[in-house]
Amino acid sequence: MRAVTQAANLLVTIGNDLFSFAKEAEHGVLESNIVGVIGHEDGCEPEQAVRKAVALHDQIMCRYLTLRHRIGSTAGEELLRHLSQLDHLIRGNLEWSLRVPRYRHSAGSRPPGPPFAHAPSDTTATAPPIPAIAWWWDEPEPPPSFAIEVLPEWPRPRTSRLIKDAHRCQPAP
């Protein structure tokens, strides 16, 4: 339970950093933004740091879905409610980030944020080289088939759900 809950919280944090990157870069305050940290640590340009942050987000999302499925398959009502709340936390953060004025450029348009895709950019089934979260991958298992509802073009719907068997988090070839 700890891993799936921590994964959900990290997904929200990385998502927030991806959406706030343009505004934080504009103000020169990237020391606590994952994109800024990756750019500094890896010595790469912002565009590459964004791609790396998106890939990390997607890799963690695949692990979250795997853990969620494993836990949910034997969970009771209260635990299923907790898992559902984590799902809503993740999706709600994305929905909020798309609408909140905080992430708009001064001209009022939405900043160029992370792209939404039909498939994860990274489905690596091994842990990323981050010791604080690597233990989430300690119990290797084949990932289940999952989907995240693909976000349609603006305006976004108010509801969300995980859709089984529509999307696969599988190791890249």
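Is Asp42 buried, exposed or partly exposed? Asp42 has a relative accessibility of 43% and therefore counts as partly exposed; the class covers values between buried (under 20% relative accessible area) and exposed (over 50%), computed with a 1.4 Å probe on protein chains only. The views below show a predicted model, in which local features need pLDDT of at least 70 and side-chain atom pairs count only at pLDDT 80 or more, while totals for chains, interfaces and linings use all residues. Residues are numbered from 1 along each chain as its sequence is written, and side-chain values use heavy atoms, with hydrogens and water left out.

**View 1. A salt bridge joins Lys52 and Asp42.** The two side chains meet at 2.8 Å, N to O; a salt bridge is a side-chain nitrogen of Lys or Arg within 4 Å of a carboxyl oxygen of Asp or Glu. The pair links distant parts of the chain, with Lys52 in helix H3 (residues 46-72) and Asp42 in helix H2, 10 residues apart. Helices are DSSP runs of H or I with at least four residues, numbered from the N terminus. Lys52, at 30% relative accessibility, counts as partly exposed. By the salt-bridge rule, the count comes to 5.

**View 2. Ile38 lies in helix H2 (residues 34-42).** Its relative accessibility is 12%, so Ile38 counts as buried. Not counting residues up to four places away in sequence, Ile38 touches Gly43, Cys44, Ala49, Lys52 and Ala53, where contact means heavy atoms within 4.5 Å. Val50 is 12 residues from Ile38 in sequence, and the C-alpha atoms of the two are 8.4 Å apart in space.

**View 3. Asp87 makes side-chain polar contacts with Tyr64 and Arg68.** Asp87 is located in helix H4 (residues 77-99) and is buried, with a relative accessible area of 16%. The polar contact to the side chain of Tyr64 is 2.6 Å, and that to the side chain of Arg68 is 2.8 Å. A polar contact is a pair of N or O atoms within 3.5 Å; within protein, one must be able to donate a hydrogen and the other to accept it, and residues adjacent in sequence count only if both atoms are side-chain atoms. Arg68 and Asp87 also meet in a salt bridge (2.8 Å, N to O). Arg68 lies in helix H3 and Asp87 in helix H4, so the pair ties together parts that are 19 residues apart in sequence. Arg68 is likewise buried, at a relative accessible area of 15%.

View 4. Salt bridges that share partners join Arg91, Glu95 and Arg99 into one network.

**View 5. Seven lining residues are shown by name: Leu11, Val12, Gly15, His57, Ile90, Asn93 and Leu94 line the largest cavity.** The structure holds 1 cavity of 30 Å³ or more, and the volume of the largest cavity is about 30 Å³. Helix H1 (2-27) and H4 are the elements that give two or more residues to its lining. On a 1 Å grid over the protein atoms alone, a cavity is a set of points where a 1.4 Å probe fits but cannot get out, and lining residues have an atom within 4 Å of a point. Grid points are joined across faces, edges and corners, and a volume is the space filled by probe spheres set on the points. By class, the lining has 4 nonpolar, 3 polar and no charged residues; Ala, Val, Leu, Ile, Met, Phe, Trp, Tyr, Cys and Pro count as nonpolar, Asp, Glu, Lys and Arg as charged, and the others, Gly among them, as polar.

Key
On a 1 Å grid over the protein atoms alone, a cavity is a set of points where a 1.4 Å probe fits but cannot get out, and a pocket is an open set with protein on both sides within 12 Å along at least five of seven lines; lining residues have an atom within 4 Å of a point.
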